[in-house]
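Subject: Structure for you to look at

Hello,

Here is the structure I said I would pass on. Please open it first, then read the notes below it.

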Amino acid sequence: MTDDYIKKKYEPILPQKDEWPVMKLSKSRKEFVKKVAEAAKNRILEFTGGKVEVLKEELETTHYREKLRIKQNPWAVDPEDDYDFWNGVKSSLVQLSADNSLTKVQRKKKYIDILDQITLRYAEEIASTFKHTHYKVTRSIVTTGFARLLNAARVKGFKRLFSNQYTLQDKIQIIGETKHLRDLASKGTIIMVPTHFSNLDSILIGWIISVLGLPPFIYGAGLNLFNIEIFAYFMNALGAYKVDRRKKNLVYIETLKTYSSEAIQFGVHSLFFPGGTRSRSGKIESKLKLGLLSTAVEAQRANYQKGINDVSGKIFIVPVTINYHFVLEAPSLIKEHLSITGQERYYQESDEFSTSLKISKFLLKFFTKGSDISVSVGKPMDVLGHYVDQNGNSMDKNGRIIDTRDYFISDGNITVDTQREEEYTNRLGNRIVQEFHIINRVFSSHLVAFTAFQMIKRENKKMDLFNLLRLPEEDLSIPYASFKAECKRVLERIFELRDKGKVHIAPHLRREIDQIITHGLENVGMYHAKRPLLKDKNGNIITEDLNLLYYYHNRLDGYDLEKLF
Amino acid sequence: MISKNSFKSKSIGVVGLGSFGTAIASLLSEKNHVIAYARRAELVDEINSNHSIDGVAINPNIQATQDPEFLCKACDVIFFMVPSSAFIDVTRLFSPFLYPYHMIIHGTKGLCLNLPEGKSQEDMKVIRRENILTMSEVILKETVVVRVGCLAGPNLAKELAGGLPAATVVSSKFNEVILQGQNLLRSEKFQVYGNSDIIGVELSGVLKNIIAIASGALAGLGLGENAKGLLISRGMVELIYMGNALGGSLKSFIGLAGIGDLVTTCNSTLSRNYTVGYRLAKGETLAEIQTTMEEVAEGINTVRLMKNFMESTGTRAPITENLYKVLFGDLKIEEAVQYLMKYPFSVDVDFL
């Protein structure tokens, strides 16, 4: 992968929308939901080992938790009949346990019926409602609308309202294995796994997928986002299915996983945010949520079981990193992170993305002012984390072609071994984290934030992190000369890492060090009320918010750069 | 899932016919056809034509080959039984013929160095965890095989060859590998336990060798059984500290592969590592001992590596440190013992 931007518009790989897997899926939505519900039911029955008592307990727990959720944490998006449905489940359960006239087989059947109702409801709730017309509208809003804003801000004079001098691709730069991704998307099934720093990510990725000429991907979006109208519209348009993090019961989780696995087997490209949620600390995800990822491994095995051994049944994992100078939610994310790790106080979440108004304001700011974003597309891998070639063949590290199918073979046959697949999922998770660090792209703002924070830390060696972060900001000041020297040292190390293929850098890091620092200071967390890093009148480096500085510093965590200090 | 008779059509591979490799090949050959890889042509001929190794008869179910490709094609499950010094080379030799459907179980109780290109152990200021590879990590790094396991436990090759009762631990992250190992090896006289902490089990087998050398030295000096009890229990503590620093779990260290193996090796004149210590105490130098030993005593290399590694962690490992000075410096073994007797161990057990 080079550091160069890719600035071109790609032709769609599937020009006819009817050929899009996601369209096919939405056309057969009803049958698909049924299929998912059925498969999820069987999965849960397998878990209970066919024991009625275990099933009964599972259903009762599910009911209990759902009632609690409705009472304690109701959301605007919840269906109106939520209460009635669960009341109905309750009366069926009560009736059933009181009824002594039934035979064992009859009782079991009745319990399975209840389970059936629940998985069907969940599957229906999770399923995406992709509408092509919405998709088209959204895409044109994003591309044209944002391009207008962009040009309005950058081109001077009357013409600005009509100028096409700047497009979104000047603002959001794409680098990496885009051609490879396109090739594979027309052959097999893609699972894109991006880093997750901001709620903006989903829209951004949706736009990138369309720029690359790929058919829309489906992805699991937090149901909480559907509470905000503007997001709900975008999400539905982009093929999002709904993930409700309040529901932690087995039945729900299994239905969700089944949905993902079946959709992948259907051939629909998917998007997982493998961190599960936005990175609170600002660090690149190092521990991934393996639940959804395991569905990729499972779907791959299922395809082989069905005898689809060619590339059409192959699943490709494509890591993506999104690099920002500025993350709108940074202040609340880092506070939340610190309150969790420091356990100092309960922190009430007040998210910057909580209303449509706030997000619109942000978008306006974002497109009218500076601050570029870059998106790096990594090398595609198979579900075991081996790189694949243009034709989708997996390769070992010496370039020998190997067959992923062989990993699911025992005694000459494809076997189902959930413990094995769990291990494979762990392995895949580790590989994704490794790739994230490799394709990550260092910006000037990351460099200055990292260096400044490490210098402050070195000055206060004896303090632990929490004491350090409580230092009064007004007392902290770094003389420019020494700051510059340290930035240079860190930058040199970054270049060394780059030459070893361990990280990527933005082209602006090739400028003079003073220019880099200026660029970094201008951009790091630029729209925050309190800036993480500034130059004062005397030319010294100061901070207005140490927590934010720590947040932006964390982006370079995981490269052992702190050993320089 | 895996029936008793699985792999009936396939042979089981054994790579390396040292004393332990031969013992394992014999155990395997009771139930299955075995294909063993040996480097020396004479040995291959002897096995295939006379069914013997150095004149000692072996099961005719064991066939020998010099061809890695042939072995890999004929076998799905392969046991790697080569000394750690040759492990990387042998793994690389086999790597082009290994496929994802293979399972590898190794029985090597040593560590490998993983240094940046062109560097030797002397060049490194510090040895960190990433510079050390256990044998399973070597296999994962060098091949496409993921389903990897290891064998560890009190398994003195001579006793196994003599048909005495024993037990071993098969460890792997994959249940199917453990089951496979158990199916293949278990017999009336050989019990096989499973453990999922492969790193911990590998380290148990590796680190106990250090203590075994020390134990041999105590015996050579004639210091008696009280001293040995002291050494084993302090050795156990040191082993646990070192093992935790390398990423193994405590549970494995106090299991069969840890305590079980430690007690056996610290009491046995059949153990090579014990013999090294014993002969050191009798006044021989390391060089003299090494030239006259038939097979490698893994503990010597381990002492050096672990001494360097523990320095980077900042944790003291008094037995290893002093053994290092005896083996590679000019500390007299009597002085080392004296030093250990004066070392201020204040707490008996502080790891539980």
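At which residues does UniProt place the feature "binding site" (unreviewed entry)? The record gives B:Lys109, B:Gly153, B:Lys208, B:Asp261, B:Ser271, B:Arg272 and B:Asn273. UniProt positions are given here in the numbering used for this model, feature names are shortened, and annotations may be inferred rather than shown by experiment.

Some background before the details. This is a predicted model, in which local features need pLDDT of at least 70, side-chain atom pairs count only at pLDDT 80 or more, and totals for chains, interfaces and linings use all residues. Residues are numbered from 1 along each chain as its sequence is written, while chains are lettered from A and ligands numbered from 1 in the order in which they are written.

Chain B as a whole

Chain B contains 16 helices and 12 strands; these are DSSP runs numbered from the N terminus, with helices being H or I of at least four residues and strands E of at least two. A compact globule of 352 residues would have a radius of gyration near 20 Å, and chain B agrees, with 20 Å. That radius is taken over C-alpha atoms, and the globule rule is 2.2 Å times the number of residues to the power 0.38. The C-alpha trace spans about 60 × 40 × 40 Å along its principal axes.

Of the 352 residues, 51% count as buried. A residue is buried if 20 or more other C-beta atoms lie within 10 Å of its own, exposed if 12 or fewer, and partly exposed in between, with C-beta atoms placed from the backbone.

Residues in the record

B:Gly153 sits in the loop between β10 (148-152) and α6 (157-161) of chain B. B:Gly153 is buried, with 25 other C-beta atoms within 10 Å. Setting aside neighbours within four places in sequence, its contacts include B:Ala167, B:Leu256 and B:Asp261. Two residues are in contact if their C-beta atoms, placed from the backbone, lie within 7 Å.

B:Lys208 belongs to helix α8 of chain B. B:Lys208 counts as buried, because 33 C-beta neighbours lie inside 10 Å. Beyond four places in sequence, B:Lys208 is in contact with B:Leu239, B:Asp261, B:Leu262 and B:Thr265.

UniProt (unreviewed entry) also has a "binding site" annotation that covers B:Ser19, B:Phe20, B:Arg39, B:Arg40, B:Lys109, B:Ala157, B:Arg272, B:Val296 and B:Glu298. These residues are spread over 280 residues of sequence and also in space, up to 22.8 Å between C-alpha atoms.

B:Ser19 is in helix α1 (residues 19-29) of chain B. With 18 C-beta neighbours inside 10 Å, B:Ser19 is partly exposed. B:Glu298, in helix α14 of chain B, is buried, with 22 other C-beta atoms within 10 Å. Not counting residues up to four places away in sequence, B:Glu298 touches several residues, including B:Lys109 and B:Asn273.

Helix α12

Eight of the 10 residues of helix α12 (residues 272-281) of chain B are buried, so this helix is largely enclosed by the rest of the structure. Among the buried ones are B:Arg272 and B:Asn273. The buried residues of α12(B) pack against α8 (198-221), α11 (256-266), α13 (286-292), α14 (298-313), α15 (318-328) and α16 (333-342) of chain B. Just after α12(B), B:Gly283 has a positive phi of about 105 degrees.

Regards
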